[in-house]
Amino acid sequence: MRIWLAILTLVAPMAASAAVGLPAVTMESAPDGGQTWTLSLQVLALMTAITFLPAILLMMTSFTRIVIVLAILRQAIGAGQAPPNQVIVGLSLFLTLFVMAPVFDRINVEALQPYMAGSLEMGDALTRAGGPLRQFMLDQTRESDIATFVRISGGQGFATPEDVPFSILVPSFVTSELKTAFLIGFLIFIPFVIIDLVVASVLMSMGMMMLSPVLISLPFKLMLFVLVDGWSLVMGTLAGSFFR
């Protein structure tokens with residue numbers, strides 16, 4: 001009996017509030033004749049959008065190119081899991097923040113701060129926030145990739161780059177990033193392949209065919225990479241490739 005009384009005590013306020021109406025789903029009339037959602041529902045929509053942050057980070061920033069190049073570099077050196085995945089992902093993340101800092105600053109000034117000040121509605125803030133991000137992706141995307149996805153979608157093209165929707169721009173941007181990342185990785189791979197070939201040829205000429213060339217070439221590749229200050233060169237090349 002006490003359990004049922006406790007349940008009724010909990011359910012009664014909820015039923016009363018439901019009868020009055022949930023303030024989270026109410027709308028208000030805007031001065032321009034439109035409708036605006038209440039703040040609680042806007043917060044709910046914002047929290048839902050946060051779940052898409054990993055996809056946005058992977059597909060709409062410089063993260064894809066950076067992490068692929070660093071992974072290819074590790075494979076070219078041949079040092080196994082050194083550096084480990086956590087270091088590569090962490091380094092890629094912070095280099096991405098460095099590259100995307102101007103874009104994030106524009107989003108903060110043009111969209112976030114006016115929205116926090118109450119002078120801009122959520123819809124307009126999202127539109128303004130997409131502007132700098134769109135411009136960044138357009139600068140890094142090949143026109144041939146955009147044309148490919150326009151043809152796949154059955155479209156007729158667009159008058160200006162600003163007319164390209166995100167549904168076409170995002171896959172075009174990712175495709176261009178993959179091409180650029182593998183091109184940079186190919187250029188990085190060549191010196192290490194040459195070292196492997198030289199070491200293998202020397203060992204074969206000396207009759208040491210039972211000795212693994214990788215065991216001998218790895219110290220030389222590490223020494224060469226350190227002597228030429230390889231990490232600074234790779235980081236500088238990756239960051240500079242976004243500011244062409």
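Author: One term before we start. A residue is called buried if its relative accessible area is under 20%. Also, this is a predicted model.

Reader: Which helix does Leu70 lie in?
Author: Leu70 is part of helix H4.

Reader: And what is Leu70 in contact with, leaving aside neighbours within four places in sequence?
Author: Ile88, Leu91 and Ser92 are on the list. Trp231, Val234, Met235 and Leu238 are on it too.

Reader: How many residues apart along the chain are Leu70 and Trp231?
Author: They are 161 residues apart along the chain, yet their C-alpha atoms are separated by 9.8 Å.

Reader: Zoom out for me. How many helices and strands are in the protein chain?
Author: The chain has 10 helices and two strands. From the N terminus, the order is α-β-β-α-α-α-α-α-α-α-α-α.

Reader: What percentage of the residues is buried?
Author: Of the 244 residues in the protein chain, 31% are buried.

Reader: What about contacts between residues 24 or more positions apart? What share do they account for?
Author: Take the contacts with a separation of 6 or more: residues 24 or more positions apart account for 65% of them.

Reader: Pick Phe136. What is Phe136 in contact with, beyond neighbours within four places in sequence?
Author: Met60, Thr61 and Ser62 are in contact with Phe136.

Reader: Now the packing. At what angle do H4 and H10 pack?
Author: The angle is about 155°, and the axes are 11 Å apart. Angles over 145 degrees count as roughly antiparallel, so H4 and H10 are roughly antiparallel to each other. Their crossing is right-handed.

Reader: Which residues make the contact?
Author: H4 brings Arg65, Ile66, Val69, Leu70 and Leu73. H10 brings Trp231, Val234, Met235 and Leu238. By class, that is eight nonpolar, no polar and one charged.

Reader: And H6 with H8? At what angle do they pack?
Author: H6 and H8 pack at about 45°, with axes 9 Å apart. They are therefore oblique to each other. The crossing of H6 and H8 is left-handed.

Reader: Which residues make the contact there?
Author: From H6 come Gly130, Arg134, Phe136, Met137, Leu138 and Gln140. From H8 come Phe166, Leu169, Val170, Phe173, Ser176 and Glu177. Seven of the residues in this contact are nonpolar, three polar and two charged.

Reader: What does Ser172 touch, not counting residues up to four places away in sequence?
Author: Ser172 touches Thr141, Asp145, Ile146 and Phe149.

Technical notes: Residues are numbered from 1 along each chain as its sequence is written. This is a predicted model: local features need pLDDT of at least 70, side-chain atom pairs count only at pLDDT 80 or more; totals for chains, interfaces and linings use all residues. Side-chain values use heavy atoms; hydrogens and water are left out. Contact means heavy atoms within 4.5 Å. Helices (H or I, at least four residues) and strands (E, at least two) are DSSP runs, numbered from the N terminus. Axes are lines fitted to C-alpha atoms, for helices over the stretch in contact, and angles run from 0 to 180 degrees between N-to-C directions. Angles under 35 degrees count as roughly parallel, over 145 as roughly antiparallel, 65 to 115 as roughly perpendicular and the rest as oblique. A crossing is left-handed if the near helix is turned anticlockwise from the far one by less than a right angle, and right-handed if clockwise. Ala, Val, Leu, Ile, Met, Phe, Trp, Tyr, Cys and Pro count as nonpolar, Asp, Glu, Lys and Arg as charged, and the others, Gly among them, as polar. Buried means under 20% relative accessible area, exposed over 50%, partly exposed in between (1.4 Å probe, protein chains only).
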